[in-house]
Amino acid sequence: MTAETLTVDLGTETGPFHGGASGTLYGLYGDGVPSRTVVEGMYVRTVTTKAQDGIQHPGADALEILPPFVAAGGKDVYVYLTDIHRGFPYEWPGATGEERLAAYLESIRRQVGQMQTLGALKSHVVYVPFNEPEGNMFGTGEWSYDGVSWHTEPGPYFAAWQQAYHLIKGLDPEARIAGPNTCILYPEVRGFLQFAREHGVLPDVITWHELSSPDEVRTNVAKYRELERELGIGPLPVNLNEYAHNYHLSVPGQMIQWIAAIEESKVDADMAYWNIAGNLNDSAVEANKGNGQWWLFNAYGQLSGNTVRVTAPHPNVQYTLQGLATLDRLKRQARVLFGGASGAADLVIEGVAADVFGTTVHVRLQEIPWSGQVGASPQPLRLLDAELPVTDGRVALPLTDLDDMSAYQLILAPGGHGAALLPPPAGRRLTYEAEDATYTGDGYTKNGPEGSPSDVDKFATSGGYHIGGLRTGSDGVLAFDVEAPQDGTYDIRVFAGSHNLADLVRENGPTNVFLRIDGKDARELRLPLGYKWAVWGHTDTEAELTAGPHRITLAAQDPDLGTTKGDAVVDKLDLALRDGQEALYDAEFAALGAGARVSYANLGASGPGAAVLPRGGTVTFWVHAADDGEATLTVDLLGPGEGLLTVNGEELGGVQRGAVPLFLAGGINKVTVTGTSERLVVDRLRVAPSRALLPAYVSAAEDGILSGTARVAGRSYATGGKAVDGIGAGPGNALTLTVTAERAGRHALTIRYSNGEQAPATHYNPDPVCRHADISVNGAAAHRVLFPTTFHFNNFWNLSVPVTLDQGTNTLTVTADELPDFDGRTRNEYGQRSAYAPVIDQVTVTPLA
């Protein structure tokens, strides 16, 4: 079979890089869920969210997410004014259409008035008066204005739009308004635009939803632009403020196809909200971790310069190899993001100008694998680091073993400067499907097919099928016959999932199973929980394997360790030879700011170049840490110069020459070097495991002082089987802990907690609720911290927050209470705002540096 060709023409530029595909619908729950670091590192440009105090879903309140979103680099917040109501279609009150509309307009008046309290921040707000009007307020259903679709009789909808428009602009003449926000670009949108033009009520931003396919994005944006030309309006900004399906979301190889189409169309777009609020549409894991999709958007957000023409083997056809590329002449770098097909392909780069790249190019190829919706991912895998000749302005790179669930990044830079090439990875990831494994015992089920191009509402699943049977009362054993290519330490990654509300899972939480290798080395694994079936995460372990065949078993019973409690399904098992203990991040490929530039003239640099920082210039690295705790960081410098090191917004002092112990949060960390001398040359950042140099103090929650309803509760997966529940519903119900710091200063407070609270949902979205804790240190004013769902009260995660401690003994007090609505008087009546802190297992205190 002939390999297909993806051609990138660096000589044909198609406009400035826009970055609009990184939007999110209901992706932010509140400040900290997800963390500002995760939001900033995903380069989220736009957010569509609900009206403040809306009762459609928990969290995502516009006034609460807007300040932290803007602080994390966000541009615009689109407010669904309709989501003040519950239900879908929206249950707006009133006996007649006129009554319903009058009451709704009063709601809009109140919401716009609240926005005026934000001061300058209100310039980031875009109002969406009506959402999918054809199926809601101006459709044919029970909750419509008059039971007649606006497609048939548009008069009432157009009149309502006009009233809402004038109301909003009357209250705030600078306000921006978006519409028509239809579920597709209907032909009737022409009539809407004509009416809006003739009556002076054109939206400031044109919005519709693309719950279709990437090929429709290009087609419909072009169709809309032609409408503008015909009607003599615009061009107006466009936001496709719901895009992609369950089958696509979380899968880098699928999402790259959407991103390519959206970027080529130079519009903004927000990923659709099918599942839970606050995880960036299946990009963020826990509060501070990213999955494969997060790393794809991290790479996308770091593109710069101009986009260039990319010719796919099947242009504008979904489920085929697609890509996008940029050329940054100042950096002398080109970057290509591509994926969506398996097997072999040829990547051809044309128009490689000698005045930009010279006669030899340095190529870095990375893979961004799928890690599941709730499975955290490390930084992209390095597949190739090489120097290639440029022949007639052309570079060709043959590729093999592409995975259609992965995305890939190629970075092109000038070569020929004597750079030491990084060694190839130790070995490719080996995947073994659960449906191909051998099952013995009772309870076996083969489930599927799951998501596919013909069934996009279901979730992506490796191989399309998964295996059940490892559950309470079973004697099932799932055996994978694997082949280790050489002796070494292997990472074993079990992709699995349990529905948190399933009968056998609801009682105990995470399902435990027992892994053995060749019948020995028994260990217990707790498999991931999710919000539905076929939502995938992974549980990891490691083992020393000799070259050759081995049998890895997952069993519901183990003679030495016990029996399974729960019910899990298994998708696949991945095996990968561990590739060293140190992660490398090259400065010339990192994010530069404030006048920093790339130089390729520094002999002895680790890669093709280095980052040259003037005073105040910055280089930022997005760094993965598997767990919360100490790591060893080394900033490799070339020549003299001084700089400041900042980690997750905390200034940690001058850049040291040599390895230093620092605290990293589990998941994503923003590590920035700022020049404090006239010139500082940064080669790279190296991150290695802990050397146990930072003193950590652990305090068990059950050893604290409990007041009011706070009590010690049995939790089998808590440390020592005990945790503290019942904190909250008033400041009198509190936990007070004593912790020790060896010296005064900034510390990380790592709280091991669980939160299984879930509100009644109105439709397909599960509605888990974030709990919060008001944490006071030594009697000072409390700081509110949000804790995302862990899907069960017996499933414990870590969340770290920075605090200032005195030398010696310090007192931490944890309380909580339900937040009122914005008016300070009313409260949510649907259980969407918790009055309680999470269940707390223990607290660990670690110096940041």
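Predicted model: local features only at pLDDT ≥ 70, side-chain atom pairs only at ≥ 80, totals over all residues.
H7 covers residues 252-265 and H8 covers residues 292-301; their axes come within 10 Å and cross at roughly 30°. Angles under 35 degrees count as roughly parallel, so H7 is roughly parallel to H8. As for handedness, H7 passes H8 in a right-handed crossing.

Which residues of H7 and H8 meet? From H7 we have Pro252, Met255, Ile256, Ile259 and Glu263, and facing them from H8 are Gly292, Gln293, Leu296, Phe297 and Tyr300. Sorted by class, that contact holds seven nonpolar residues, two polar ones and one charged one.

H3 runs over residues 97-115 and H4 over residues 155-171, and here the axes come within 10 Å with a crossing of roughly 25°. H3 and H4 are therefore roughly parallel to each other. Their crossing is right-handed.

The H3 side of the contact is made by Leu101, Leu105, Ile108, Arg109 and Val112, while H4 brings Ala160, Gln163, Ala164, Leu167, Ile168 and Leu171. Counting classes, we get nine nonpolar residues, one polar and one charged.

Keep Ile108 and Ile168 on your screen, please, as both turn up again with Leu81. Where does Leu81 sit? You'll find Leu81 in the loop between strand S4 (76-80) and H3. Is Leu81 buried or exposed? Its relative accessible area is 0%, so Leu81 is buried. Setting aside neighbours within four places in sequence, the contacts of Leu81 are Ala51, Tyr104, Ile108, Gln111, Tyr127, Val128, Pro129 and Ile168. Take Tyr127 from that list: Leu81 and Tyr127 are 46 residues apart in sequence, yet 6.9 Å apart in space, C-alpha to C-alpha.

On to the strands. There is an open sheet of five strands, ordered S35-S38-S43-S40-S41, and its pairing is antiparallel. At the edges are S35 (591-593) and S41 (650-654), each of which pairs on one side only. From one strand to the next, the twist averages 25°.

Inside that sheet, let's zoom in on S38 (residues 618-625) and S43 (residues 667-675). How many bridges do they share? S38 and S43 pair in the antiparallel sense over eight bridges. If you'd like one to click on, Val623 has Asn669 in S43 as its bridge partner.

Next, have a look at S42, residues 660-664. This strand is mostly covered, with five of its five residues buried. In a regular strand, side chains alternate between the two faces of the sheet. For S42, both faces are covered: Val660, Leu662 and Leu664 are buried on one side, and Pro661 and Phe663 are buried on the other. The pairing of S42 is with S39 (residues 629-638), antiparallel, over five bridges.

Definitions and conventions. Residues numbered from 1 in each chain as written. Heavy atoms only, no water. Axes fitted to C-alpha atoms, helices over the stretch in contact; angles between N-to-C directions. Helix = DSSP H or I, 4+ residues; strand = E, 2+ residues; numbered from the N terminus. Parallel < 35°, antiparallel > 145°, perpendicular 65-115°, else oblique. Left-handed = near helix turned anticlockwise from the far one by under 90°. Contact = heavy atoms within 4.5 Å. Nonpolar A, V, L, I, M, F, W, Y, C, P; charged D, E, K, R; others polar. Buried < 20%, exposed > 50% of the residue type's maximum accessible area, 1.4 Å probe, protein only. Pairing = 2+ DSSP bridges.
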